[in-house]
Amino acid sequence: MKSVLVLLSLLALPVMAAEPTLYGRYENIKLPEIGGETLKAKMDTGALTASLSAKDIETFTRDGENWVRFRLATKGASNKVYEHKIARISKIKSRADEADEEGGVSEVTKRPVVELEMCLGSVKRTVEVNLTDRSSFNYPLLIGAKALREFGAAVNPARRFTADKPDC
């Protein structure tokens, strides 16, 4: 009985989470599976998922599974075609303007989501990334809240490029 009480008291102790690593609003991230490309990324706590700038996005079936082929849509990117198994399809709602809050119709786009290895500083994680053309944005890679959690990251928006060069 005493051992049960000791066990119960141990279960009641608060669990101490590891301190998050503090990163800047912008960081360099290496994508080992995408030709080892290092991209400038925006760390965005307001976005849920990560997004990678891609073009010529085409879904297809291979051995009964859904796959996607694409090219990077980044400055100076090669014309190399990448193929990855699709983890899922995400539905992204975007409002055309503020009138949508008054009952207008939101636009829903479907994006293929792939799992990619990412290297941030010396930390490597596999992260879900949706593919979309971000070539009109300053940063070809957006790291959302889910990916930030994977990296155990917190973001200081006043800082930039605080992590060492990606080295995984």
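**Stop one: the disulfide**

Start by selecting Cys119 and Cys168, which are joined by a disulfide with an S to S distance of 2.0 Å. The term here stands for a pair of cysteine sulfur atoms within 2.5 Å. The link has 85 degrees about the S-S bond, making it right-handed. Cys119 belongs to strand β8 (residues 107-120) and Cys168 to the segment after β11 (153-156), so the bond ties together parts that are 49 residues apart in sequence. Search the whole structure and one disulfide is what turns up.

Before moving on, a word about what you have loaded: this is a predicted model, where local features need pLDDT of at least 70 and side-chain atom pairs count only at pLDDT 80 or more, while totals for chains, interfaces and linings use all residues. Residues are numbered from 1 along each chain as its sequence is written, and side-chain values use heavy atoms, with hydrogens and water left out.

Now color by accessibility. Is Cys119 buried or exposed? Cys119 is buried, at a relative accessible area of 0%, whereas Cys168 is partly exposed at 40%. (Buried means under 20% relative accessible area, exposed over 50%, and partly exposed in between, using a 1.4 Å probe and protein chains only.)

**Stop two: the whole chain**

Zoom out. The chain holds two helices and eleven strands, in the order α-β-β-β-β-β-β-β-β-β-β-α-β along the sequence. Both kinds of element are DSSP runs numbered from the N terminus: helices are H or I with at least four residues, strands are E with at least two. Of the 168 residues in the chain, 34% are buried.

**Stop three: follow the strands from β8**

Select β8 and β9 (residues 123-132) together. These two pair in the antiparallel sense over eight bridges; strands count as paired if DSSP finds at least two bridges between them. They form a hairpin with two residues between them, and Gly121 in the turn has a positive phi of about 65 degrees. Cys119 is back in view here, with Lys124 as its bridge partner in β9.

Look for Leu31, whose bridge partner in β3 is Glu37. β2 and β3 make a hairpin with five residues between them, and its turn includes Gly35, with a positive phi of about 65 degrees.

Then go on to strand β10 (residues 141-143), which runs parallel to β3 and is joined to it by three bridges.

Go back to β8 and pick Glu115. Glu115 is partly exposed, at 45% relative accessibility. Its C-alpha atom is separated by 6.1 Å from that of Val129, 14 residues away along the chain. Leaving aside neighbours within four places in sequence, Glu115 has contacts that include Glu33, His84 and Ala87; contact means heavy atoms within 4.5 Å.

Next, select Thr132 in β9. Thr132 is buried, with a relative accessible area of 18%. With neighbours within four places in sequence set aside, Thr132 touches Ser51, Leu52, Ser53, Ala54, Ile57 and Arg111.

**Stop five: the pockets**

The largest pocket has a volume of about 420 Å³. (A pocket is an open set of points on a 1 Å grid over the protein atoms alone, where a 1.4 Å probe fits, with protein on both sides within 12 Å along at least five of seven lines; lining residues have an atom within 4 Å of a point.) Its lining has 21 residues, with Ala47, Ser51, Arg111, Arg134 and Leu142 nearest the centre. β7 (88-94) and β9 are the elements giving two or more residues to this lining, and β7 supplies the largest share, six residues.

Finish at the second largest pocket, with about 200 Å³ of space. To find it, select its lining: Ser53, Ala73, Thr74, Lys75, Arg134, Ser135, Phe137, Asn138 and Pro140. Both volumes are the space filled by probe spheres set on grid points, which are joined across faces, edges and corners.
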